[in-house]
Amino acid sequence: MIDYLYLGLYRFFGVLLRLLPRRVMIPLMRAIAWFAYTISPKHRKIIHTNLEIAFSDKLSASEKKEIGIRAFMNLLDTTLGIIERDGMAKEEVISNVTFEGEAILQAYRDAGKKVILITGHQGNWELLSQAIAIKFDLTLVGVGRKLDSDLMDEILKANRERFNVEMVYKKGAMKGCIKALAQNKVVGILVDQSIRLSQSITVNFFGRPATHTPLASILSRKFGIDLIPAFISTEDYIHYHITIHDPIKTIKSDDQEEDLKQLTQAQADSMEQVIRDHPNEWFWMHKRWKRLNEGLYE
């Protein structure tokens, strides 16, 4: 029953997005984001705690509120964008997307080199993966969590695959990524979430210790693959800009532990700089520092 409720909502918003022009949807999204921020003291607490860690006392109360509202709006934009692109032609998906640093990725493609992209929950990350797959005519394999609803998971899977984006689930991600790389597909990994201590490498993130996935680092070192950071941003939720950054070069010395530590810290540094440059667009309601800072969010 719950699956069909999700399906009904998916179809309802699909119709709504087709009927209402984007200039009407944006204020509506803003209103929903404001409402979600206002009625959720739990998420406000997490957002404001994270902002204190990242920016100390440099933000005013009004600035923190605006960033909090925008965090919800970005999530809405990402979610509704998936529905909105269902049925779109590939050319239409990237019609409002511009690219910077595209020569970096193209050079790897032209040389026949394998690629691992790293990114985070910054801006419209679902559009990022689809736009890159379309722009560079490649198959991008992302790592993600299976949805609780099997029906919606299948719908989302079909939606992504129309634009050459495939998924491997977190359980078994290493095996799935190795298989994808062997097939000359591009692997994309979100690297900005807190994970279990037993599965992580500790990094310095905004001056605080935080857990970080080692997946990209392990793959990079094992197969000699450079890591290319890529992020998406928007000022108006109509036009989007993707920046492809200089690669994080792979490392393989006699000290495996140190190699993995350096590669992983470089990813955290890249993510931190993007958040500093575009603080309105990160997923601030996630408890990023919870594993190594006991009681921080209580």
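This is a predicted model: local features need pLDDT of at least 70, side-chain atom pairs count only at pLDDT 80 or more; totals for chains, interfaces and linings use all residues.
## A word on residue classes

Ala, Val, Leu, Ile, Met, Phe, Trp, Tyr, Cys and Pro count here as nonpolar, Asp, Glu, Lys and Arg as charged, and the others, Gly among them, as polar.

Let's start with the strands. Seven of them form an open sheet with mixed pairing, in the order β1-β9-β8-β2-β5-β3-β4. The edges are held by β1 (97-100) and β4 (165-169); each has a single partner strand, so one side of each is left without a neighbour in the sheet. From one strand to the next, the twist averages 25°.

Strands of a sheet pair through backbone hydrogen bonds, either parallel or antiparallel. Here, β2 (residues 116-119) and β5 (residues 186-190) run parallel and are joined by four bridges.

## Two asparagines with positive phi

Next, have a look at two loop residues. Asn 164 sits in the loop between α8 (150-161) and β4. Its phi is near 65°, a positive value in a residue other than glycine. Asn 164 is partly exposed, because its relative accessible area is 21% and the buried class takes in values under 20%.

Asn 184 lies in the loop between α9 (173-182) and β5. Although Asn 184 is not a glycine, it has a positive phi of about 60°. Is Asn 184 buried or exposed? With 53% relative accessibility, Asn 184 counts as exposed, since that class covers values over 50%.

## The cavity

A search of the whole structure turns up one cavity of 30 Å³ or more. This largest cavity has a volume of about 30 Å³. Its lining is made up of Asn 74, Asp 77, Gly 123, Asn 124, Ile 232, Ser 233, Thr 234, Tyr 237, Tyr 240 and Glu 281.

Which elements give two or more residues to the lining of the largest cavity? They are α4 (61-84) and β8, and β8 gives the most, with three residues. Now the classes from the opening come in handy: the lining divides into three nonpolar, five polar and two charged residues. Tyr 237 and Tyr 240 are in the lining, and Tyr counts as nonpolar under the scheme used here.

Notes:
Residues are numbered from 1 along each chain as its sequence is written. Side-chain values use heavy atoms; hydrogens and water are left out. Two strands pair if DSSP finds at least two bridges between them. Axes are lines fitted to C-alpha atoms, for helices over the stretch in contact, and angles run from 0 to 180 degrees between N-to-C directions. Buried means under 20% relative accessible area, exposed over 50%, partly exposed in between (1.4 Å probe, protein chains only). On a 1 Å grid over the protein atoms alone, a cavity is a set of points where a 1.4 Å probe fits but cannot get out, and a pocket is an open set with protein on both sides within 12 Å along at least five of seven lines; lining residues have an atom within 4 Å of a point. Grid points are joined across faces, edges and corners, and a volume is the space filled by probe spheres set on the points.
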